[in-house]
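Here is a friendly walk through one protein model, with a few stops along the way. Please keep the viewer open as you read.

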Amino acid sequence: MSEQPSTEASSSSPGSAGQEPEARLLTEAVTRLRRALRSSIRTDYPWETLPMAQVELLQVLGEHSPARISDLAARRRLAPSTVSGLIGQMITTGLVARDVDSADRRASVVTLTDAGREKLAAWTTAHERRIDAALAALDDSSRSAITSALPALFQLAEHLGESAEGTAEQ
């Protein structure tokens, strides 16, 4: 049986460290979902060893390719040196390629290779299968609640991204 946090607010403060109960519960739910997805992919597909940081770069490149290292770093909110190191590893494994930027011959851009596209597609399919199976195990009411919450969750992610960008600019 899985452990579920109580949705009741405590009688003292609204949340730990000044958080509202909803924020605390959503943080916990997101953390558990990420952990469950990471561990389930390793359980169901033990040969999958791609680190999450590389998966996230593949996802960005899947949507915005070619891209400069600085653009990838900004999109993932990582240091350019960190992204450069990850890209170096991904070049070695054949997932991405580095080319000269046609708009500025002094700069380079990163693109997905066919192997990178295949790896990203397989990773995405594996996660979608896991989530589909988990959703199928829920009752209709819970599935409906999750489906109904998706637009709001995307809006929340957008607001969080905007607030992080505003903080970085200051």
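Which residue forms a salt bridge with Arg76? Glu56 does, and the closest N and O atoms of the two are 3.2 Å apart. Glu56 lies in helix 2 and Arg76 in helix 3 (residues 69-76), so the pair ties together parts that are 20 residues apart in sequence. A salt bridge here is a side-chain nitrogen of Lys or Arg within 4 Å of a carboxyl oxygen of Asp or Glu. Helices (H or I, at least four residues) and strands (E, at least two) are DSSP runs, numbered from the N terminus.

Before going further, please note that this is a predicted model, in which local features need pLDDT of at least 70 and side-chain atom pairs count only at pLDDT 80 or more, while totals for chains, interfaces and linings use all residues. Residues are numbered from 1 along each chain as its sequence is written, and side-chain values use heavy atoms, with hydrogens and water left out.

**Salt bridges**

The whole structure holds 8 salt bridges. Glu56 takes part in another of them, with the side chain of Arg34, at 3.8 Å from N to O. That pair links distant parts of the chain, since Arg34 sits in helix 1 (residues 21-44) and Glu56 in helix 2 (residues 52-63), 22 residues apart.

How accessible are these side chains? Buried means under 20% relative accessible area, exposed means over 50%, and partly exposed is in between (1.4 Å probe, protein chains only).

| Residue | Relative accessible area | Class |
|---|---|---|
| Glu56 | 16% | buried |
| Arg76 | 30% | partly exposed |
| Arg34 | 42% | partly exposed |
| Arg75 | 42% | partly exposed |
| Arg77 | 45% | partly exposed |
| Arg106 | 77% | exposed |

Arg106 from the table has a salt bridge with Asp104, where the closest N and O atoms are 3.1 Å apart. Salt bridges with shared partners join Arg68, Asp101, Asp104 and Arg106 into one network.

**The hairpin**

Strand 1 (residues 96-101) and strand 2 (residues 104-112) run antiparallel and are joined by 6 bridges; two strands count as paired if DSSP finds at least two bridges between them. The two strands form a hairpin, with 2 residues between them.

Further along strand 2 comes Thr111. Is Thr111 buried or exposed? Thr111 counts as buried because its relative accessibility is 17%. Leaving aside neighbours within four places in sequence, Thr111 is in contact (heavy atoms within 4.5 Å) with Ser65, Pro66, Leu95, Val96, Ala97 and Asp99.

**Backbone features in the loops**

Two of those contacts, Ser65 and Pro66, are joined by a cis peptide bond, with omega of about 0°. Pro66 belongs to the loop between helix 2 and helix 3. Arg77 is worth a look too: its phi is near 55°, a positive value in a residue other than glycine. Arg77 is found in the loop between helix 3 and helix 4 (80-92). For context, most residues other than glycine have a negative phi, and most peptide bonds are trans.

Arg75 is in helix 3. Not counting residues up to four places away in sequence, Arg75 touches Val60 and His64. The C-alpha atoms of Arg75 and His64 are separated by 10.0 Å, with the two residues 11 apart along the chain.

Helix 5 (residues 114-136) has 23 residues and reaches 32 Å from its first C-alpha to its last. That is close to the 33 Å expected at 1.5 Å a residue, where the expected span is 1.5 Å times one less than the number of residues. Buried residues in helix 5 are Gly116, Leu120, Trp123, Ala126 and His127.

Which residues line the largest cavity? They are Arg38, Ile41, Arg42, Leu50, Met52, Val55, Trp123 and His127. On a 1 Å grid over the protein atoms alone, a cavity is a set of points where a 1.4 Å probe fits but cannot get out, and lining residues have an atom within 4 Å of a point. The count comes to 1 cavity of 30 Å³ or more, and the largest cavity has a volume of about 40 Å³. Grid points are joined across faces, edges and corners, and the volume is the space filled by probe spheres set on the points. Helix 1, helix 2 and helix 5 each supply at least two residues of this lining, and the largest share, 3 residues, comes from helix 1.

Note on methods
1 Å grid on protein atoms, 1.4 Å probe; cavity = no way out; pocket = protein on both sides within 12 Å on 5 of 7 lines; lining within 4 Å.
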